[in-house]
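Please read the following account with the model open beside it, and follow each residue as it is named. The paragraphs move from the basis of the values to individual parts of the chain.

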Amino acid sequence: MELGLIGLGRMGANMAVRLLQGGHRVVVYNRTVEKAVELANEHGAVATSSVVELVQSLQAPRIVWLMLPAGAATDEYIAAVAPLLEKGDILIDGANNNYKVSIAHGEQLAAMGLRFMDAGVSGGIWGLKVGYCTMVGGEPETVAHVEPILKTLAPPDGYLHCGPYGAGHFVKMVHNGIEYGMMQAYAEGFEILEKSRYDLDLEKVSHLWNQGSVVRSWLLELAELAFAEDAHLDQLRGYVQDSGEGRWTVQEAIDLDVPAPVITLSLLTRFRSRQDDSFGAKVLAALRNQFGGHAVKKAE
């Protein structure tokens with residue numbers, strides 16, 4: 001098959017390479033045109049210098065896949081690409097967009113005679129090698145048409161048509177919320193190990209736990225790699241961003257009256273990681289000092 005791919009960040013570029021390796025024709029565009037040219041020279045993609053050229057380089061029914069940041073960037077390119085497409089063409093949003101936004105995009109494009117799919121893609125920088133777990137939403141006929149592309153991107157049994165517009169991004173949202181909680185549990189456990197009386201090799205512990213343990217996982221494999229590179233993580237700051245999907249998962253839990261304390265606290269811990277010395281912590285210290293006379297003053 002052939003498709004147009006807009007957005008050649010780390011995931012987008014690697015997805016293009018995996019599709020090219022699978023025998024698909026991939027037409028690419030990136031705001032930094034040099035990235036598209038590089039993919040053309042090194043892997044055989046068709047580089048274009050504008051979205052107009054990208055659309056014109058595709059045969060109907062066209063498939064255009066956006067791998068852009070969620071929000072304004074994706075909105076901008078949907079608005080730019082949609083008027084260039086013809087009835088029956090397919091536009092896929094691979095960003096981590098809010099599922100409610102994806103429902104609106106699907107309805108908006110359907111009114112124009114266009115087909116839409118939302119695709120939640122998991123795999124990060126390892127997806128090129130092991131495949132991308134892909135969660136899609138849209139009409140069954142649309143998903144069936146795109147299936148050869150999904151099969152190439154995903155490992156065996158690695159993609160699922162989750163339901164109508166928004167379902168793919170909804171499942172990916174909850175997936176990322178669970179990921180937050182799992183990561184936080186590992187982080188806390190390894191901190192306890194690191195601060196214990198024992199001189200533990202955390203790389204070896206990570207490797208051990210992946211040999212039949214109930215806590216084995218790909219995240220634990222990544223922990224093993226991280227400790228192999230930097231045994232005590234001295235080269236890293238404890239500063240963690242969030243993509244927005246953890247926030248949306250917590251909000252959805254509130255809206256559905258679902259208690260989700262682990263995911264909620266893992267999100268709040270990420271907020272705390274961005275504060276070198278939070279004001280809230282200072283208030284706690286001040287109160288403790290007022291009634292107990294315990295305070296740690298800043299060094300002069």
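What follows is a walk through the helices, the charged pairs, the cysteines, the surface and the backbone.

The model is predicted, and for that reason local features are reported at a pLDDT of at least 70 and side-chain atom pairs count only at pLDDT 80 or more, while totals for chains, interfaces and linings use all residues. Residues are numbered from 1 along each chain as its sequence is written, and side-chain values use heavy atoms, with hydrogens and water left out.

Helix α8 has 28 residues and spans 41 Å from its first C-alpha to its last, close to the 40 Å expected at 1.5 Å a residue, the expected span being 1.5 Å times one less than the number of residues. Its buried residues include Ala167, Gly168, His169, Lys172, Met173, Asn176, Gly177 and Tyr180, where buried means under 20% relative accessible area, exposed means over 50%, and partly exposed lies in between (1.4 Å probe, protein chains only). An α-helix has 3.6 residues a turn, so residues three or four places apart point the same way.

The structure holds 8 salt bridges, a salt bridge being a side-chain nitrogen of Lys or Arg within 4 Å of a carboxyl oxygen of Asp or Glu. In one of them Lys172 pairs with Glu245, with 3.6 Å between the closest N and O atoms. This pair links distant parts of the chain, since Lys172 belongs to helix α8 (residues 167-194) and Glu245 to helix α11 (residues 245-255), 73 residues apart. Both partners are buried: Lys172 has a relative accessibility of 3%, and Glu245 has a relative accessible area of 0%.

Asp242 takes part in two further pairs. Its side chain meets that of Arg247 in a salt bridge of 2.8 Å, N to O, and Asp242 also forms a salt bridge with Arg274, in which the closest N and O atoms are 2.6 Å apart. The pair with Arg274 again joins distant parts of the chain, with Asp242 in the loop between α10 and α11 and Arg274 in the loop between α12 (261-273) and α13 (279-292), 32 residues apart. Asp242 is buried at a relative accessible area of 14%, whereas Arg247 is partly exposed at 42% and Arg274 is partly exposed at 22%. Elsewhere, Arg62, Glu86 and Asp89 are linked in a network of salt bridges.

Why is Cys133 too far from the closest cysteine sulfur for a bond? The sulfur of Cys133 lies 8.7 Å from that of Cys162, whereas a disulfide is a pair of cysteine sulfur atoms within 2.5 Å. The structure accordingly holds 0 disulfides. Cys133 is partly exposed at 37% relative accessibility, and Cys162 is partly exposed with a relative accessible area of 27%.

Leu225 belongs to helix α10 (residues 218-229) and is partly exposed at 39% relative accessibility.

Most residues other than glycine have a negative phi, and most peptide bonds are trans. A cis peptide bond, with omega of about -5 degrees, joins Ala60 and Pro61, and Pro61 is placed in the loop between α3 (51-56) and β4 (63-66). Asp157 has a positive phi near 60 degrees; this residue is in the loop between α7 (140-153) and β8 (159-163) and is exposed at 84% relative accessibility. Leu233 likewise has a positive phi, near 55 degrees, and lies in the loop between α10 and α11, where Leu233 is partly exposed with a relative accessible area of 31%.

Key
Helix = DSSP H or I, 4+ residues; strand = E, 2+ residues; numbered from the N terminus.
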